[in-house]
Amino acid sequence: MERQLSDCRKIAAERGWHVAEEYVDNDISAYVGKRRPSYERLLEDIAAGQRDAVVVYNNDRLTRRPIELEQFTAICEAAGVTQLIAVTGGLNLGNDDGMFTARVLAAVAAKESARKSERLKRKAREIAESGRPNGGNHRPWGYEADRVTVVESEAEVIRRLAVRYLAGESLASLTQWLQDNSIPTVTGAEWHTSTIRNTLTNPRIAGLRSHNGEIVANAVWPAIITPAQHQQLVSTFARKTSSGRRVPRRYVLSGMLRCGTCGGKLFSSVRRETRRYVCMSGPDHRGCGRLTIVAAPVEEWITEAVLLRLDSPEMADALAGRAAADDRSVALNGELQSDQEQLTELAELWSAKAISSAEWKAAREPIEARIYSISRQLGQITGGNTLSGLIGNGNALRESWATLNLSRQAAIIAAILDFATITPAKTRGRAFDPFRIVPTWSR
Ligand SMILES: [Zn+2]
């Protein structure tokens, strides 16, 4: 990677180009379809008119799928960027021949990639049907790293988990049992109910080889439980999951409340027909489990506090901050314009032969660097503001609050509330005590 970078820098230097920014996506192949953050940033910068040339190491570092190449060149064309240079192959996408060659190369690369993945898929299917194991980062629980030899101590645990689960014991209780006995997972992480579910429903522990979710062969490794037990486990999990009542999102403060006793997150829960936020103990939550508060009055109180805060002097200050930013951007735009005029003037002097090429270049460089820096600053100032239109409008918002959907309400609250701590109740009783709520405002 370092060598590729220095080759690119050399090309830029040869042409006398100022390197405005280097975009590096380490080890992310363009084939895989994973997101490439730096590449995306490059596209944004080109589209925003902040770049006038691009040097890439190899055309295939840039785009590998034909559709990506088309998008890339379309963005360049729209922004008037014509200087595109590849270190290897010397591709110049700026003229039609270069563009055509690049298209052919991209098409060939895509075909090769598709062929390769087709070959890999066939191979994987073949291995599965012969009952042999897959590769992977971690060994499966119950088996050695060869994925075939049984680890007897773990196999015993699996059998006990299966029997106890089928006998009606809850996943939470089984998780606790593993934790209490300091039995580690293969990664050394703690057990969750989901880890147990994945282990117990995996056909592999019944000596069955699955491929893409379908059992295709008897495995070459020994079974830990019987195929009949496996079937029972799968259907029991399916039954319990479908009968578990899923409560629709009715908790506007989800994720925004903390337990004043242990600092853990509060979770939403219905207890005795009433919506509540509670601190949950147990393997999936790990709170102290000793704090609970009825949801409706907290939601009402915090909503009211948020709306009042939107109309508060602090928020007016934030608004003033925005106004100051607007002033700043007017000033920056002024500078930008005068720099650009100066560049035009220099170009005219050069074409009138009043200055030499070298003089022109020397005079140009500091101005271009300044333009680049101003553009950056402008980009930062005009970046998105989640609170736009809300500040100073708390009162108006109150009228329409009930008509907003829950996720919109939650977004508005989250824009100014970092989190709220709920302290333990001082007295036992049903009355709501607003002093239990300690908000931490983010603005
Ligand atoms: Zn707690």
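Where is the place of Arg147? In this predicted model, Arg147 is located in the loop that lies between helix H5 (96-129) and helix H6 (152-166). Its backbone has a phi near 65°, a positive value in a residue other than glycine. Most residues other than glycine have a negative phi. The relative accessibility of Arg147 is 12%, below the 20% limit, and Arg147 therefore counts as buried.

A positive phi is also found at Ser182, where the angle is near 50° and the residue is again other than glycine. Ser182 belongs to the loop between H7 and H8. With a relative accessible area of 60%, which is over the 50% limit, Ser182 is classed as exposed.

Helix H2 itself spans residues 37-47, and its buried residues are Ser38, Tyr39, Leu42, Leu43, Asp45 and Ile46. Viewed down the axis of H2, these buried residues fall within an arc of 165°, and they therefore line one face of the helix. An α-helix has 3.6 residues a turn, so residues three or four places apart point the same way. Pro37, Glu44 and Ala47 are exposed on the other side of H2.

Two helix pairs were examined for their packing geometry. Packed helices are described by the angle between their axes and by the distance between the axes. For helix H7 (residues 171-180) and helix H8 (residues 193-201), the axes come within 9 Å and cross at roughly 95°. An angle from 65 to 115 degrees counts as roughly perpendicular, and H7 and H8 are therefore assigned to that class. On the H7 side, the contact is made by Leu171, Ala172, Leu174, Thr175 and Leu178, while H8 supplies Thr193, Ile196 and Arg197. By class, the residues of this contact of H7 with H8 comprise five nonpolar, two polar and one charged.

The second pair consists of helix H10 (residues 295-310) and helix H14 (residues 406-416), whose axes come within 10 Å and cross at roughly 60°. H10 and H14 are therefore oblique to each other, and H10 passes H14 in a left-handed crossing. The contact involves Ile302, Thr303, Val306, Arg309 and Leu310 of H10, together with Ile412, Ile413 and Ile416 of H14. Six nonpolar residues, one polar residue and one charged residue make up the contact of H10 with H14.

Individual buried positions within helices were also considered. Thr199 lies in helix H8 and is buried, with a relative accessible area of 13%. When its neighbours within four places in sequence are left aside, Thr199 is in contact with Trp141, Ile158, Trp191 and Ile205. Asp7, in turn, is placed in helix H1 (residues 2-14). The relative accessibility of Asp7 is 19%; because the limit for burial is 20%, Asp7 counts as buried. Leaving aside neighbours within four places in sequence, the contacts of Asp7 are with Tyr57 and Val87.

Conventions:
Residues are numbered from 1 along each chain as its sequence is written. This is a predicted model: local features need pLDDT of at least 70, side-chain atom pairs count only at pLDDT 80 or more; totals for chains, interfaces and linings use all residues. Side-chain values use heavy atoms; hydrogens and water are left out. Buried means under 20% relative accessible area, exposed over 50%, partly exposed in between (1.4 Å probe, protein chains only). Helices (H or I, at least four residues) and strands (E, at least two) are DSSP runs, numbered from the N terminus. The arc is that of the directions from the helix axis to the C-beta atoms. Axes are lines fitted to C-alpha atoms, for helices over the stretch in contact, and angles run from 0 to 180 degrees between N-to-C directions. Angles under 35 degrees count as roughly parallel, over 145 as roughly antiparallel, 65 to 115 as roughly perpendicular and the rest as oblique. Contact means heavy atoms within 4.5 Å. Ala, Val, Leu, Ile, Met, Phe, Trp, Tyr, Cys and Pro count as nonpolar, Asp, Glu, Lys and Arg as charged, and the others, Gly among them, as polar. A crossing is left-handed if the near helix is turned anticlockwise from the far one by less than a right angle, and right-handed if clockwise.
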